[in-house]
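I opened my notebook for another friendly look at a structure. Here is what I looked up, entry by entry.

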Amino acid sequence: MIISTNTAKKIAQEMALALNRDVFVTDTNGVIVAGSKEEKIGNVHQLALKLISDNQGEIVEENSCAFAIESGADCFGYVCADGETGDIKSQLDMLKRTCAIIAFAVEERGAYSLKKRIEDRFLHTWLFGKNPSITTSMIEYAASMDIDITMPRRFFAFVPVLPLDDPDTDKESRQIRIDGAMREAYNLARIEKGGISVIEGSVVMCSCAERDDEKMFAYVEDIREKVEAKFKVFLCAGIDSGFQGYAHVEDEAQKAQKAAIVSSRSPRKETRFYDSINMEIFSTYIPNEVKEKYIRRVFRNIPTFELRDWVYLLNAYYNHEGSVIRAAEELGIPANTLQYKLRKLNNKTGYDPRSIRFSSLFYNALHFYADIKDQK
């Protein structure tokens, strides 16, 4: 097994501190790759060479010693210490075990880091690479990393934003919180089986197994609450428009990202579905004729003379945060009648006012209706 430079440096540092003398680490050919004196790096250490030629695990001489760094059947390299060795011989077994532990831990961490970089590169290519098609080899390559790209998925994204009145004025501290929030969201999204996540600039792109909008909203809100409580930031979230087939995940990922960015720019920083993205915060710049077209589009198949009644009904429903009982009381009708009217509106327009996904469409239409009414 080839020892990495990082592993060799770590072992050399630890052994030099423990033995209080010059220590060098060589590869399995006896070439020094790290040690107390950098000028010797690249040279062959003669004692290590002797270990290799004699096929021994250790050598202790009067003014130097050397031993193999081994883990199981694997040899990572050799440690060579210069100086009196009288106090080393009794500690040799412990030193060898310590080096083996360090080597295994560092190499394992390095392998994990490499695996993560490879996985991240694949996720970037899959989600942001504008793939013309999903090939069999791509599916198999993903499967080798325990990623199933053919399973029905939903996509969601997070953008951390600091509060405007944040008391923390230290630039470095603020960035640490932002970075921490991104890592936490990244990790939480991976807890669920099949969950994946990747960081793209200031956005954490995530995916989970397919579920309906209500469950999707609850899942994303749970992650938001945990991250916001820990790092005192707004974790603005965006959710896709639903599973359209595994060949179209790039489109859904982009939708989730756009929705998260819209959320980050809105005053309330609430979780947004892509289908509910609207121009609410820019309504003062939108011409009345455009607002009227928007209202007609949302309330399609609704006669003009009925529009005012529907606006009145929905205002009551949304003012009571979707409570049918309280809205029905305000309207002076039975709750069952209100439920019937809401289903009727869904059938006529194709948009369910009770759905989280479409509630913002109606909310915008109500907002525009009030603007036009006030200006007439």
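**Aromatic rings**

I began with a cluster: ring pairs link Phe-122, Trp-126, Tyr-141 and Phe-155. I paired rings of Phe, Tyr and Trp (its six-membered ring) if their centres lie within 6.5 Å, calling planes under 30 degrees apart stacked, over 60 edge-to-face and the rest tilted. This is a predicted model, so I noted that local features need pLDDT of at least 70 and side-chain atom pairs count only at pLDDT 80 or more, while totals for chains, interfaces and linings use all residues. Residues are numbered from 1 along each chain as its sequence is written, and side-chain values use heavy atoms, with hydrogens and water left out.

By the ring rule I count 10 aromatic pairs. In one of them, Phe-156 and Tyr-219 have ring centres 5.6 Å apart and planes at 80°, so I logged the pair as edge-to-face. Phe-156 sits in strand E6 and Tyr-219 in helix H6 (residues 213–231), 63 residues apart, so this pair links distant parts of the chain. I took helices (H or I, at least four residues) and strands (E, at least two) as DSSP runs, numbered from the N terminus.

Are Phe-156 and Tyr-219 buried or exposed? Both are buried, where buried means under 20% relative accessible area, exposed over 50% and partly exposed in between (1.4 Å probe, protein chains only).

The rings of Tyr-317 and Tyr-318 have centres 5.3 Å apart and planes at 55°, so that pair is tilted. Tyr-317 is buried at 5% relative accessibility, and Tyr-318 is buried at 18%.

I also found Arg-211 over the face of Tyr-219, 4.6 Å from the ring centre. My rule for a charge over a ring was NZ of Lys or CZ of Arg within 6 Å of the ring centre and within 35 degrees of the ring normal.

**Sheet and helix**

Next I traced an open, mixed sheet of 5 strands in the order E7-E8-E6-E9-E10. Its edge strands are E7 (196–200) and E10 (272–273), each pairing on one side only. Two strands pair if DSSP finds at least two bridges between them. E6 (residues 153–161) and E8 (residues 203–209) pair in the antiparallel sense over 6 bridges, and Phe-155 stands opposite Ser-207 in E8.

Helix H5 (residues 171–188) packs on the sheet, touching E6, E7, E8 and E9 (234–239); contact means heavy atoms within 4.5 Å.

**Arg-174**

I found Arg-174 in helix H5, partly exposed with a relative accessible area of 27%. Leaving aside neighbours within four places in sequence, Arg-174 is in contact with Leu-162, Asp-166, Asp-168 and Thr-169.

Definitions and conventions
Axes fitted to C-alpha atoms, helices over the stretch in contact; angles between N-to-C directions.
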